[in-house]
Amino acid sequence: MLVDKLPWCRHGGSLIFSIHTQQNGNRFATGGGDHCVKIWSLAVAVNVRKESDNSSATLLATLTDHNGPVNVVRFSPVASMVASGSDDGVACVYELHNGPGGGVMGGEANVENWRTKYVLKGHSSNIVDLSWSPDGAYLATASLDNSVIVWDMGTGKAVKTLVHHSSFVKGVAWDPVGTYLATQSEDASVVILKRDDWSIAGTVTSPFQVHGSMVTTTFSMRLSWSPDGQYIMAGNSYQGSTHVAVAVPRGKWDEKEDYLLICGHRGAVVSPCFAPRLYHVPPLGGGLPSESLTSVFALGAQDGKVSVWAASTERAYFVGKKFFDSQVLDVAWTPDGRTLFACSADKSVACFQFEERELGLIATKEEMDTVMKTLYGSSGGRQTKRVLIESADHLALEKNAGVASTPAASTIEALDARISGAAGITQTGFGPASPKEPAVVHSPPPAKKKRKETTMTSTGNGEHAEAAEGGENGIPPVSSSVVTMNRLPPIPVLPSITASWQSAGSLLEETASFSRDFAEGIEHMQRDRVNITVTNAHLSVSGYSFAQIKATGRHVSWQDLVSGSVVGVVGSKDFCAVATDDGHVIVYTPNGRRKSSPICLGSGIANLVVSEVTCSLFMVASTSGVLKVYDACDMKEVIAADLAPILEGKRVAIDISLSNSGSPLISLSDSSAYIWHPVLKSWTKLLDDSTCMSNFYPLANVSGQGDVSDLQSKSRRDSSIHSSLLLGRSSASNTARYYVSRSHLEGNLAAAAVLESRTEFQSFLKSYCQLLVGHKDESRLKDVTDELLEGSFMGDEEFERSMVKDVVIPCLATDRHLSKLVQRCQDMIKDLQN
């Protein structure tokens, strides 16, 4: 096996969220946090000689149509097209044309000529996954607006909007035959839809709603079908004491005893991926390849590991450790089934090339045809109940909304003894995929014995690939005990501190002829950086110690001495703030002049943060729990808060930050999170550990979602949750789950309004309205509509009324029983306009 990291495969220092290879094996694509799709040469990646050849181009094209991070990128299976989905809620389809590529703003000219074929607009929130139909005729996109849209690639028009989930849809995959479309959501379900009439063929919930455990929230929930279409595999399941991937046999969607669980990873499995071919695999440890055919698949997980399995064996063929410093976000096989790519949140890409002796012989085209000809049947339709409507206008709204009936919440059932036994789960393989030999299903270990975890062995690079650790505990336990603290821990004194930020700089004269937006970009690039170096104990005079502060830059050069030791320094183009160990803060102008005498906080400094949006604001918290937000330009106090009310008992502050609007945010060790309300002048609770029963908790832990979502993700990630409440999540009634989910979204709406996070407000509002519509809660729908029309949430009547028109009414239009309310909203909007 040959393993290689690709140092040239980068997105300018941004995360690489997705990776995929082209069907003809010529290219691979990546999508990143820099809002770009990049097309790369596959030959260079897998051939060291070509990589060292300067004449071989590695980057073939950079595509820049998106206005947000690109979460997913996938090549068409039959044509020279690639599709991408982004946080901007748009999917772009690009097509390769003859001739040289065009220029890219701020970069080199493209080698290849990729042109935008379609810009698909229909989702109201982030697109996190997409999938092509096997014939390339359709594209399905999954979004955080709880829906999946199917697009016709002949016209670029939406042909169906599927609303079968009650929470974020984060995974979608067509089966290899095109009969089924599978979707996975944060509502803890995988839905299998029939292609002919879009009816539900089956819903898989048991592996994701397990007694005593809670499904981990992930950035995405990639799905993968085996190349023979006999299994659909999903990640993000937690069984017994370990994270698992779930393989569901085709047509046995509701037969829990036939679900197969693959365990061994110590973090959530986020990207299962079957190889595109079947294999004659050798036995573990070496030997002649088997005569029967089986599928091979890879798992990428949040533990930063990649494992490769054969479905007919009990253990992994390979597990790669230490290749990545953070979680794996996506994996992709090359069409020949010999090379595996993986991208990670550490911004890197790895390439794993397997030899024949490691994975065996790949099935020939004739063998694949023989297997495919023995499988698959047809699917039927279903009838829907007819409901009369109140007005003809409602029909147009239904068409625009892509109406699909909202399914009732499924009954939450505990897994049977095979899945939820006290002993946990041991996966022992799928069995061969050849039609001549049936799949092997093994029984679980006896219920009262301790679980024996599957051992993951490795082949190849011994230093970086090792067997997963066995044992009785599955994953290391997280202690739920927290030491009682009545003070925040002080920032430690270090020998030296460095910091850097942009200075105001100066504009080039040529930028005056550019448009405003482009000029702002040039201005940003031309700003100098200010580099701050603090040296503690730099000078001692008569027993008094002084720290040196030194600022350097093209237009900045100043020094100062501060009595005592410096524990923190922050700043922006407008100021520099320095915190000392005796509880004082000194504010400087960009040129090093002290704007006032040192500000006294009364005790040591526990936290010092600068606003990333409002350059003049910074926040400081003392060890005694005093929190202040200052405007450094006007030298005035903006917020004065006391942390004591939320730090009572054994709770400890995990993270203290400043929102984009300048409000303090805090997450605590008991999974609770608070936001400072500037009007109420009080801390308001955003969530606590009881909120875990909400279908919308926690949100994906991906930076850039917004202040509310990021705070909830931090609180969930950095804290432990009481097991009794996890038990309540899986055993609670649908009514209880609805009440908690509703309260959670109402809190999110209020928080987004306080923090002026409009994108989040729109997303939460849509989820909230969909939830109320699904439960026929007309009174609350009227209430939220009235407040929006009055501008009561954010004080912006124009924005809030647009939310009624663009979000609330389309949600109401999905249920004809609410047509009177639709008409009421339309009439009120007309009255207000007049």
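Lys 170 counts as buried in this predicted model, because its relative accessibility is 1% and buried means under 20%. The residue belongs to strand 14, which covers residues 169-174. Val 128 is 42 residues away from Lys 170 in sequence, yet the two C-alpha atoms are 5.7 Å apart in space.

Leu 288 provides a contrasting case. Its relative accessibility is 76%, so Leu 288 counts as exposed, the cut-off for this class being over 50%. Leu 288 is found in a loop, with strand 22 (269-280) on one side and strand 23 (294-301) on the other. When residues up to four places away in sequence are left out, Leu 288 touches Val 281, Pro 282 and Pro 283. Its C-alpha atom is separated by 9.7 Å from that of Leu 361, a residue 73 places apart from it along the chain.

Several strand pairings were examined next. Strands of a sheet pair through backbone hydrogen bonds, and the pairing may be parallel or antiparallel. Strand 7 (residues 81-86) pairs with strand 8 (residues 90-100) in the antiparallel sense, over five bridges. Within this pairing, Gly 85 has Ala 91 of strand 8 as its bridge partner. The hairpin formed by strand 7 and strand 8 has three residues between the strands, and Gly 89 takes a positive phi near 80 degrees there. Strand 8 also pairs with strand 9 (residues 112-121), again in the antiparallel sense, over nine bridges. Here the bridge partner of Val 93 is Tyr 118, in strand 9.

His 243 has His 265, in strand 21, as its bridge partner.

Strand 40 (residues 626-631) takes part in two pairings. With strand 39 (residues 617-622), strand 40 pairs in the antiparallel sense over five bridges. Leu 617 has Asp 631 of strand 40 as its bridge partner. The hairpin of strand 39 and strand 40 has three residues between the strands, and in this hairpin Gly 625 takes a positive phi near 95 degrees. Strand 40 and strand 41 (residues 636-642) also run antiparallel, and six bridges join them. The bridge partner of Val 626 is Asp 642, which lies in strand 41. Four residues lie between the strands in the hairpin of strand 40 and strand 41, where Met 635 takes a positive phi near 50 degrees. Of the six residues of strand 40, five are buried, so the strand is largely enclosed by the rest of the structure.

The packing of helix 11 was then described. Two packed helices are described by the angle between their axes and by the distance between those axes. Helix 11 (residues 758-774) packs with helix 12 (residues 778-790) at an angle of about 150 degrees, and their axes are 10 Å apart. The two helices are therefore roughly antiparallel to each other, since angles over 145 degrees fall in that class. The crossing of helix 11 past helix 12 is left-handed. On the side of helix 11, the residues that meet helix 12 are Phe 761, Leu 765, Tyr 768, Cys 769, Leu 772 and Val 773, and their counterparts in helix 12 are Arg 780, Leu 781, Val 784 and Leu 788. By class, this contact has nine nonpolar residues, no polar residues and one charged residue.

Helix 11 also packs with helix 13 (residues 797-812), at an angle of about 35 degrees and with the axes 9 Å apart. In this case the crossing is right-handed. Helix 11 contributes Arg 758, Phe 761, Gln 762, Leu 765, Lys 766, Cys 769, Gln 770 and Val 773, which meet Phe 799, Met 803, Val 807, Val 808, Cys 811 and Leu 812 in helix 13. The residues of this contact divide into 10 nonpolar, two polar and two charged. Phe 761, Leu 765, Cys 769 and Val 773 of helix 11 take part in the contact with helix 12 and also in the contact with helix 13.

Technical notes: Residues numbered from 1 in each chain as written. Predicted model: local features only at pLDDT ≥ 70, side-chain atom pairs only at ≥ 80, totals over all residues. Heavy atoms only, no water. Buried < 20%, exposed > 50% of the residue type's maximum accessible area, 1.4 Å probe, protein only. Contact = heavy atoms within 4.5 Å. Pairing = 2+ DSSP bridges. Axes fitted to C-alpha atoms, helices over the stretch in contact; angles between N-to-C directions. Parallel < 35°, antiparallel > 145°, perpendicular 65-115°, else oblique. Left-handed = near helix turned anticlockwise from the far one by under 90°. Nonpolar A, V, L, I, M, F, W, Y, C, P; charged D, E, K, R; others polar.
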